[in-house]
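Hi,

Here is the structure I promised to pass on. My notes on what turned up in it are below.

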Amino acid sequence: MLKKSTQYWLRVVLIVLAVIFLWAIIPVLWPLIVSLICTLILLPVVNNIQDYMRHRLGFTWFPRWLAIIPAFLLVALILLLVIQFIILPFIAEFTRLLNNLPVLMSQLILLWQDITSGEWLKLPPQIDAIVMTTLARISSYGVELAQRGIFAIFSLATTMLECLLVPIMTFYLLKDGRQIKSKVISIFQSPYNRYLMDVVNQMHRTMGRYLRGQLLLATNMFCVTLIVAYFFQLPYPLVLALFAAIAEWIPIIGPIVAAIPAVILASLVGPGLVVKIIITYAIIQLIDGQIVMPKILGHVIKLHPLVILTVIFVGGYFYGIIGMMTAVPLTAMLQIVLTKLWYFNSFYKKDGTV
């Protein structure tokens, strides 16, 4: 009994040290993180293919690795279409925006001066100075982005080598992920291993549904914004659509932020277009927030809007945009753990069954 207990605690110490080590080197572990995200997104596809081949068609011998290949081919086809019809045109459009940014900023400065010079709008000098300084900084930031693009070219080779690891790691996670999870949890004694398996499975399901739901919402927002931009003949429609898709990953405040560039570009055309864009974006966000999002994520993330806003601002304060985008799912994971611990007796019986 003593040997078993000693071995158990040694294993626990080794796991804690491994977690600390992985946390320390997390900046260089992004291929593994991306692979985990891809695994959570592709897992239902692989499971459905394997179940269909085994149960519907009767191929009980059908291996899991063979079910992964069609999923990879589907992803490769989608990536090829995205690169051809979205990424490459976006790069050209974004480059044109950077080149025209000083001219656009000059037009915005003139527009702001015309607005503030009228009798109907008198602002304190401090506010006017803040707005003018902000516009000047945006213009200089565009030049800085262009300079950073040059350095990005030199690091492309290293990035490509790291990207090659993602499909390989994703393949093995899809193929042997269940065995890896069971092996790690099995080092804990019964009934604690069953407790941990229940918590890990719930976190796994929640994160997977959240990622797939957010990906669907972002794709939907990209398409809708692109149609609106083309319909109203706004400049740089792909930039606006991709910005809206990325902002969709930040709940509540992301869609509001996504409307700002469209309103600014519309203001350079005329006040009538500004009103149309504001009304259109308001309708889109109302439908997205009240109908589409609750249908897709309503049963996944059960957090109060005040909690969501708080964790978004905390994540943004410490980790910027990445912190804002990951704050909600990480808080949802923490909620699962705390709920299981706080209501331990309600979830688990005395005999260790879940």
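Phenylalanine 231 is exposed, at 64% relative accessible area, while phenylalanine 232 is buried at 18%; the cut-offs are under 20% for buried, over 50% for exposed and partly exposed in between, with a 1.4 Å probe and protein chains only. Keep in mind that this is a predicted model, where local features need pLDDT of at least 70, side-chain atom pairs count only at pLDDT 80 or more, and totals for chains, interfaces and linings use all residues. Residues are numbered from 1 along each chain as its sequence is written, and side-chain values use heavy atoms, leaving out hydrogens and water.

On to the rings. There are 7 aromatic pairs in the structure, counting rings of Phe, Tyr and Trp (its six-membered ring) with centres within 6.5 Å; planes under 30 degrees apart are stacked, over 60 edge-to-face, and the rest tilted. One of them joins tryptophan 61 and phenylalanine 62: centres 6.1 Å apart and planes at 50°, so this pair is tilted. Tryptophan 61 is exposed at 59% relative accessibility, whereas phenylalanine 62 is buried at 6%. The rings of phenylalanine 231 and phenylalanine 232 sit with centres 5.1 Å apart and planes at 85°, so that pair is edge-to-face. Ring pairs also tie Phe59, Trp61 and Phe62 into a cluster.

Then have a look at helix H10, residues 305-342 (helices are DSSP runs of H or I, at least four residues, numbered from the N terminus). H10 bends by about 150° at tyrosine 319, the bend being the angle between axes fitted to the seven residues ending there and the seven starting there.

Cheers

Note on methods. Helix = DSSP H or I, 4+ residues; strand = E, 2+ residues; numbered from the N terminus. Expected span 1.5 Å × (residues − 1).
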